Amino acid sequence: MLARKAEERWMVYTKRADFDRIAEKFGISPITARILTNRGVTGDDAIASFLHAGAACLPDPSEIPGMAEAADLLLRKIEQQARIRVVGDYDIDGVCSTYILVTALRLAGAEVDYDIPDRILDGYGINENIIRRASEDQVNTIITCDNGIAARDQIALAKELGMTVIVTDHHEVKKDADGRDVLPPADVVIDPHCAGSGFPFPDICGAVVAWKLVRVLLTRAGCPEEAWKADLDFAALATVGDVMPLTGENRQIVKDGLRAIGHTGNPGLRKLVQMAGVDPEHITAYHVGFVIGPCINAGGRLETAKTAMKLFLSEDDAEAEALAAHLVELNGTRKAMTEQETERACSLVEENYGNDSVLVIYLPECHESLAGIIAGRIRELYGKPTLVLTDGQSAVKGSGRSIEAYNMFAKLSEAESLMLKFGGHPMAAGLSLKKENIGKLRQVLNEKSGLTEEDFVSTVWIDVPVPVRYVTEKLIDELAVLEPFGQGNEKPLFGELRLRIRSCRVLGRNRNVVKMVLQDDTGFAADAVWFGDGDAFEEERAGRCGIDIAYWPELDEWNGRKKVQAVIRKYRFREE
């Protein structure tokens, strides 16, 4: 079944700068200079920092309040031989944060273990069961990572039970009516978003917050610099996997961290890279975000995130290989389940909800951990805010993904009486409700959406309108200075209009590769490729040969010969 494509408008960036001067000063092409300007990288200092970014230039972690206090407190606990427990979360950021803290504390001589909540049984972050379990195990000190900033009641319980608590987190801090931080009653709270932090780049993931604490801790413990730098691979892994903006400090961490992942000293991560079929010498942010990262997340989605922790803590090659293979297999299962439920969701939209402004889709048999992924896919397909609901253990649970014109958290607040629980932000949300309220929620959200047809039209931003015939191997090589690409530093788009499809073939076992030869009005022929549902592409094309493309250029190498190829990211068919 062919789902309707969301409407798009194509626009070209028109930001101005002296591109020739920038190109000459920094030894780059005017095209690359223009892309930097489009990304907001302006001024010679900012350009120099962007082009030569690296983890060696990171700011002092002690600029984040609480770092020194937490390190000193942990060192005292280590001297007292107090039992310490790290409490993480079930996603890639939580797992990497937990690993970084556990291994560093062990290196410093601590008696430390960890706990990670079960996604379905426990839900997100530290909870009462985890705290009572720690008390029963005679844990003296709890340190959270990638969670805890909103756990006021839970941490109050830990304090009542006599435990010391350190919170490390990276999520936004709740404010009271007067705009003051509402913090949990922990002994120390570390979060770059706390008021008065003054940290120059607060948009870091939980693993980087943990890594910064480890740097202060190990430095004060007299360990060499290499001790904390050894976890750069896990800091980069979490930064990409948790979809942090790849700008500023994050870009510096990831740029060096991708190389560290390829040459990691961790047997488990090395086996996971191998079993996932990734070349360790050519790891990109794409491989982390779409190949390696999903395997780590698959454990927390379908079984337990402790599988990934066990993998990363393993020092036995055979055990590491078996655990890595299991995570890769789990991710394959997760992908198949996601595809099946996405198709079912599309059918429901096409049959019943095509005219709705807000898509509320009930998939009772869908695994609840997949709801957010499916909501994101449906949002991309239809350009509409989407909520995917599924049966939980005690109620219907769901996840939502939104569009720029629709503040999902604010709109859910208007229907608060219909839900048992909800939370989130403008672009994403989670909720639970009784089954009998699904229809009413759909009705209320659509009646109060405030959306118009114009809001469903997404904008495709072209960096530079460059005909494929002008792209050279030298330019493609130069564009590598813009990497790593990801959230906040997206891969640039070139554009060319009024091309003609001279030939077109659908390839691949799953018919998900479309190879084309495109011809411009000068007669120049260029190779092009599009990755997606090839049969749907041909159905939409309906025999037309005219096409506009937004593309990324790369070199296609075959039998020792290199040829420029346009990798099509967006396309529009047109009548000739």
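Biologist: What is the relative accessible area of K175?
Modeller: This is a predicted model, where local features need pLDDT of at least 70, side-chain atom pairs count only at pLDDT 80 or more, and totals for chains, interfaces and linings use all residues. Residues are numbered from 1 along each chain as its sequence is written, and side-chain values use heavy atoms, leaving out hydrogens and water. We call a residue buried under 20% relative accessible area, exposed over 50% and partly exposed in between, using a 1.4 Å probe and protein chains only. K175 counts as partly exposed because its value is 41%.

Biologist: Which residue meets K175 in a salt bridge?
Modeller: Side chains of opposite charge can pair when their charged atoms come close. For a salt bridge, a side-chain nitrogen of Lys or Arg has to be within 4 Å of a carboxyl oxygen of Asp or Glu. Here the N to O distance is 2.4 Å, and the partner of K175 is D181.

Biologist: Are D178 and R180 buried or exposed?
Modeller: These two form a salt bridge, with their closest N and O atoms 3.0 Å apart. D178 has a relative accessible area of 60%, so it counts as exposed. R180 comes in at 51%, so that residue also counts as exposed.

Biologist: How many residues apart in sequence are the parts that R377 and E339 tie together?
Modeller: R377 and E339 form a salt bridge, with the closest N and O atoms 2.6 Å apart. R377 sits in helix α16 and E339 in helix α15, so the pair ties together parts whose separation in sequence is 38 residues.

Biologist: How many salt bridges does a search of the whole structure find?
Modeller: Some charged residues join up in a network of salt bridges, as R83, R85, D113 and D137 do. Searching the whole structure, the count of salt bridges is 33.

Biologist: How far apart are the end C-alpha atoms of helix α16?
Modeller: Helices (H or I, at least four residues) and strands (E, at least two) are DSSP runs, numbered from the N terminus. A helix's expected span is 1.5 Å times one less than its number of residues. The 12 residues of α16, 371-382, should therefore span 16 Å, and that agrees with the distance between the end C-alpha atoms, 16 Å.

Biologist: Which residue in β11 stands opposite K397?
Modeller: Two strands pair if DSSP finds at least two bridges between them. β8 and β9 run antiparallel with six bridges, and T390 stands opposite K397 in β9. Six bridges also join β9 to β11, again running antiparallel. There, K397 stands opposite S432.
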